[in-house]
Amino acid sequence: MADDILRIRTPIGIDYTWSSGPGSVVYMRGLENGKLIGRRCPACELVYFPPRNGICPRCGVLLAAEVEVGPRGTITTFCIVNVPFLGQTIKIPYVAATILLDGADIGMQHLIQECEAADVRMGMRVEPVWKDKSEWTPSLENILYYKPTGEPDADFDVYARHL
Amino acid sequence: MALHRCAVVGVGQTHHTSCRGDVSIAGLVREAVDRALLDANMTLADIDAIVIGKAPDMLEGVMMPELWLTDSLAASGKPLFRVHTAGSVGGSTAIVAAQHVMSGLHKRVLTIAFEKQSDGNAMWALSVPLPFSMPVHAGAGGYFSPIVRSYIRRSGAPSHIGAMVAVKDRTNALKNPYAHLHEDHWTLEKAMESPMLWDPIRFVETCPSSDGAIALVLASEDVADKMPGKKAWVHSTAMRSEPTMFAGRNQVSPRAGEMCAEDVFRKAGITDPLKQIDAVEMYVPFSWFEPMWLENLGFAPKDQGWRFVEDGVTEMTGALPVNASGGVLSSNPIGASGMLRFGEAALQVMGKAGEHQIDGARTALGHAYGGGSQFFAMWVVGSEKN
């Protein structure tokens, strides 16, 4: 009886339209022009990059003032990805790092290259490598990856509260 | 309003495995349900209400499975409630079911959680690119690995702690016939040689991908009192949540988890969890989360959870046995994993855990978390009435 039960593969796909909303449109427009624009919460004064939904998750109020952040930042923590998976767009092994951009109060994820994975460190200072300007779109993928700046590492105490 | 008492009177689960190609989702779920009903000596006709939960529908690619599971659960004419709180869903589903009884609305409630990972691709489903971020994300391991690195840096834990937890849980699983992984060859030395998948997380320190389901039958005090056999009385339940990302968030020990633990212990009258809790079933999908949650739950002081692991405190023979069942590290039907923790905690205080029974367990904690460590669900169960 069990032999009669078959499994079939039925691939599904969905294309979405994403409304950026007024909260993050400045962020998208900034990227289109090679700038990293975050927004400051008028209540706690912390700077969000990306501003995501345009709302401060702590205070529940609309983020306000536009603030240019980066371009350099500090690696707070990271993962060396050695596992292959469906839909993967980057060759393994690669370093996915949480980067606290200068002037921002929350880390964002990006790729680290021009450096052996084993040499990446918490506290390492990094800077972006951009795609050719002709290829820019309203996307964080305009930055190909981050690379070490060669500056001394940041002290643990400087980024400990961001872990 | 005073809450009514609620007891777990039936527990049923499937033998968790990588692929149950012989059954549909409905068949898998019904298998757990039939075992729970048999354990409670009830039939579906006795059930007043059903509460079902699973992790994101994307994991199997079947949207709203509760719609078509209605018939296989004989839910016609009864309330059916679907719960979803990501990986913690098994826990929160059991809590919603308990609330159906504790409110006084229902006397016999069936609750079920499941995942059939072989029907889909969880790694893909958890790596969907978002328009505002860089697509470097690599599944749950990719998300949690940097947090584990932060914990290691912050606490000064030596690198063998994760491997120790993995060896413990895989060894415990040998005593649990329902566990997915039955691997008797692990030693600390071998575990340390396991390849880094999501560095600093080794292969052995990750959970498997499982098909499985669990069902619990919950009953009101008057119903439970008339039943022979042992029950697990629900002493307290608690849930808390927080945003996945906010500036200054403590990702290693989220505030929501601390608040949830404080609440669930306070409501159960527990003032010294380390002394008063006899067994813990903790949601540990990556082994390093055991020391991290020991701290988050208040069992260990900050940055000291790893010492509990190193000193064998969480072994089956230790002062605070954690995951005698083998835990998520040995079976991970994602949506069911939280309810497995709750159900295994119940089995411990019922004295029905079989070979992985902790002698004399009277009070146990079931713990689940989900999303980016943003949803927490916990219950304390006891062999005696609260």
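Student: How many residues does the contact take from chain B and from chain A?

Tutor: Happy to start there, and keep in mind that this is a predicted model. Both chains contribute to the contact, and the counts are given chain by chain. Chain B supplies 36 residues and chain A supplies 38 residues.

Student: Which element of chain B gives the most to the side that touches chain A?

Tutor: Three elements of chain B each supply at least two residues of that side: helix 4 (122-125), helix 5 (139-155) and strand 5 (196-199). By class, the side holds 18 nonpolar, 13 polar and five charged residues. The element that gives the most, with nine residues, is helix 5 of chain B.

Student: Which residue of strand 5 of chain B does V81(A) stand opposite?

Tutor: Look for the place where strands of the two chains pair. Strand 4 (residues 73-81) of chain A runs antiparallel to strand 5 of chain B, and two bridges join them. Opposite V81(A) you will find W198(B).

Student: In strand 7 of chain B, what is the bridge partner of V8(B)?

Tutor: Strand 1 (residues 6-13) and strand 7 of chain B pair in the antiparallel sense over seven bridges. Strand 7 also pairs antiparallel with strand 4 (residues 108-116) of chain B, over nine bridges, and there L110(B) stands opposite V217(B). For V8(B), the partner is L218(B).

Student: Are the two faces of strand 7 of chain B covered or uncovered?

Tutor: In a regular strand the side chains alternate between the two faces of the sheet. On one side of strand 7 of chain B, the buried residues include A213(B) and V217(B), and on the other they include I214(B) and L218(B). In strand 7 of chain B (residues 211-220), 10 of 10 residues are buried, and both faces are covered.

Methods
Residues numbered from 1 in each chain as written. Chains lettered and ligands numbered in written order. Predicted model: local features only at pLDDT ≥ 70, side-chain atom pairs only at ≥ 80, totals over all residues. Buried ≥ 20, exposed ≤ 12 C-beta atoms within 10 Å, placed from the backbone. Helix = DSSP H or I, 4+ residues; strand = E, 2+ residues; numbered from the N terminus. Pairing = 2+ DSSP bridges. Contact = placed C-beta atoms within 7 Å. Nonpolar A, V, L, I, M, F, W, Y, C, P; charged D, E, K, R; others polar.
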